[in-house]
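This report looks at a few places in one protein structure. Keep the sequence and the model at hand while reading.

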Amino acid sequence: MIDARDGRDAAPTTADVARAAEAARAGGDAARWPAKLPVRERLAVLLDPGSFVEDGLLAHARSEGLPADGVVTGVGRIEGRPVAVIAHDFTVKAGSWGELTCEKQIRILERADRDLLPVFYLVDSAGGRLTDQMGFFPGRRGASAIFQLQVRLSGRVPQICCLHGPSAAGGAYMPAFTDWVGMVEGHASMYLASPRVAEKVTGEQTTLEEMGGASMHATVSGCGDEVFAEDWEAIAAARLLLSYLPDDWRHCPQTQQSAGPARSEWSGVIPADPNAGYDVREVIDRIVDAGTFFEIKARWAQEMVVGLARLDGRVIGLVANQPMVRSGAIFVDSADKATRFVSLCDAFNIPLVFLQDVPGFMVGVEVERAGIIRHGAKMITAMASAEVPKYTVVLRKAYAAGYYAMCAPGFEPRATLALPTATIGTMSAEASVNAVYANKVAAIDDADERSAFLAERTAEQQADVNLLRMASDLVVDAVVEPEQLRDELIARTVDADRWSRSQHRRHHPVSPV
């Protein structure tokens with residue numbers, strides 16, 4: 001509007017402001033992406049009705065084609081709990097970041113830092129807006145300040161990400177700095193360079209799904225925690241996850257009403273044969289409150305199972321070897337998976353229960369070159385550094401350094417429990433005999449004599465590490481029948497209700513593995 005007297009813009013009327021606000025709320029043309037929920041519908045699924053208070057709605061209101069500058073920010077509530085929200089609008093320049101996009105995100109993160117608010121990220125962004133690179137890239141209030149604030153918030157408040165579309169170039173680090181990433185199949189992707197750019201740089205030809213799609217990140221890279229078919233499913237899971245976490249690092253998760261286990265019959269759950277596989281989730285179902293196990297990174301490094309659950313209404317973190325996958329041995333990725341999860345639980349005051357059935361760390365040329373010692377050291381460091389109450393349950397076998405990494409008595413668990421099927425040692429009795437007596441066994445020509453010798457020595461080894469001796473020597477604190485395990489753990493976690501940290505301090509970031 002021009003004032004004819006001096007050529008200057010006339011002051012906007014109330015109607016002008018109202019029209020600008022309406023245009024900003026409308027965003028772009030969502031009909032071009034019929035399979036996606038529009039950004040404000042995503043917020044309606046995430047937040048309690050009527051609770052959202054938006055900031056910066058009129059950003060870039062004087063420019064055409066940039067309603068709200070492509071990002072919705074503000075504070076709402078989830079089950080009455082206040083949370084900060086960043087939600088990219090994919091209908092506005094593909095959710096790309098410009099100067100004001102960054103400024104809005106920085107401001108809401110600064111508020112989350114000041115008020116200790118959990119942060120939800122609904123990410124759907126093509127990355128930096130190259131036509132505005134001097135605005136979003138080099139300065140103190142550019143994208144780097146967003147990442148600085150995410151790291152500052154790490155371990156202080158929960159940061160939860162739903163990835164609904166691309167998260168490209170430097171923007172791919174926004175999900176990477178959060179505690180959990182749910183990805184929508186067929187839409188979500190994370191990549192530092194598009195396939196076209198990668199081909200120009202490296203000559204490599206690939207597809208977006210192969211290089212940065214949801215399934216790849218959930219199964220291969222470990223950058224994604226879970227894959228969902230629809231936008232609303234990812235958001236619903238994010239809401240559920242918050243129920244297991246406190247508002248900030250100073251508090252404990254809220255206790256809910258107790259529920260019995262999903263199953264109570266233990267017959268045949270753990271095979272007597274130490275080399276036979278079984279699904280450790282069957283054990284978990286018999287310990288935790290029914291329907292409360294929230295598994296994390298279920299598709300990645302499946303020889304290790306981690307997740308949150310409720311035990312008599314209290315939140316616990318579970319770290320379990322998975323005998324049905326690679327015999328439950330610890331590999332590079334599974335060590336990293338456990339490291340990150342233990343760090344998350346310790347940051348947010350969640351007691352840890354370790355379920356051991358481990359033959360040890362994987363051995364061989366390939367894993368040594370991949371740095372199994374370094375990755376194992378990270379896992380042991382995270383576990384040993386965790387101040388939250390820790391409990392160890394030896395389900396069946398606990399061998400070699402795997403026994404240590406899964407919270408052996410030397411790492412100060414509040415209790416080491418053992419089922420009657422448990423065996424603890426540097427290795428199995430059979431393997432130990434073959435290692436100690438290899439030359440002598442090779443020198444016995446008669447097959448029957450050799451078998452008798454091996455059987456006798458194996459029996460000696462088994463007697464040396466039998467469970468009664470372990471209990472007698474206080475290696476284990478109690479031998480518990482499977483049917484009594486849930487009640488035993490409940491009693492011991494109740495006893496830890498008065499636990500507090502050695503110092504009132506920030507613990508540490510939940511560092512990416």
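## A residue in a helix

In which helix is Thr-101 found? Thr-101 belongs to helix H3, which covers residues 99-115. Helices (H or I, at least four residues) and strands (E, at least two) are DSSP runs, numbered from the N terminus.

The model is predicted: local features need pLDDT of at least 70, side-chain atom pairs count only at pLDDT 80 or more, and totals for chains, interfaces and linings use all residues. Residues are numbered from 1 along each chain as its sequence is written, and side-chain values use heavy atoms, with hydrogens and water left out.

Is Thr-101 buried or exposed? Thr-101 counts as buried because its relative accessibility is 0%. Buried means under 20% relative accessible area, exposed over 50%, and partly exposed in between (1.4 Å probe, protein chains only). Not counting residues up to four places away in sequence, Thr-101 touches Asp-69, Val-71, Ser-96 and Arg-129; contact means heavy atoms within 4.5 Å.

## Nonpolar cores

A nonpolar core is a set of buried Ala, Val, Leu, Ile, Met, Phe, Trp, Tyr and Cys residues joined through side-chain atoms within 4.5 Å. The largest one has 59 residues, and those touching the most other members include Trp-180, Leu-308 and Phe-341. Helix H12 (residues 332-347) gives the most to this core, namely eight residues. A second, separate core holds 34 residues, among them Ile-86, Trp-97, Leu-116 and Val-123.

Leaving aside neighbours within four places in sequence, the contacts of Phe-341 include Ile-296, Val-306, Leu-308 and Leu-352.

## Salt bridges

How many salt bridges does a search of the whole structure find? The search finds 34, a salt bridge being a side-chain nitrogen of Lys or Arg within 4 Å of a carboxyl oxygen of Asp or Glu.

Asp-247 is partly exposed at 28% relative accessibility, whereas Arg-81 is buried at 9%.

Arg-107 counts as exposed because its relative accessibility is 54%, while Glu-103 is buried at 15%. Elsewhere, salt bridges that share partners join Lys-36, Arg-42, Asp-124 and Asp-231 into one network.
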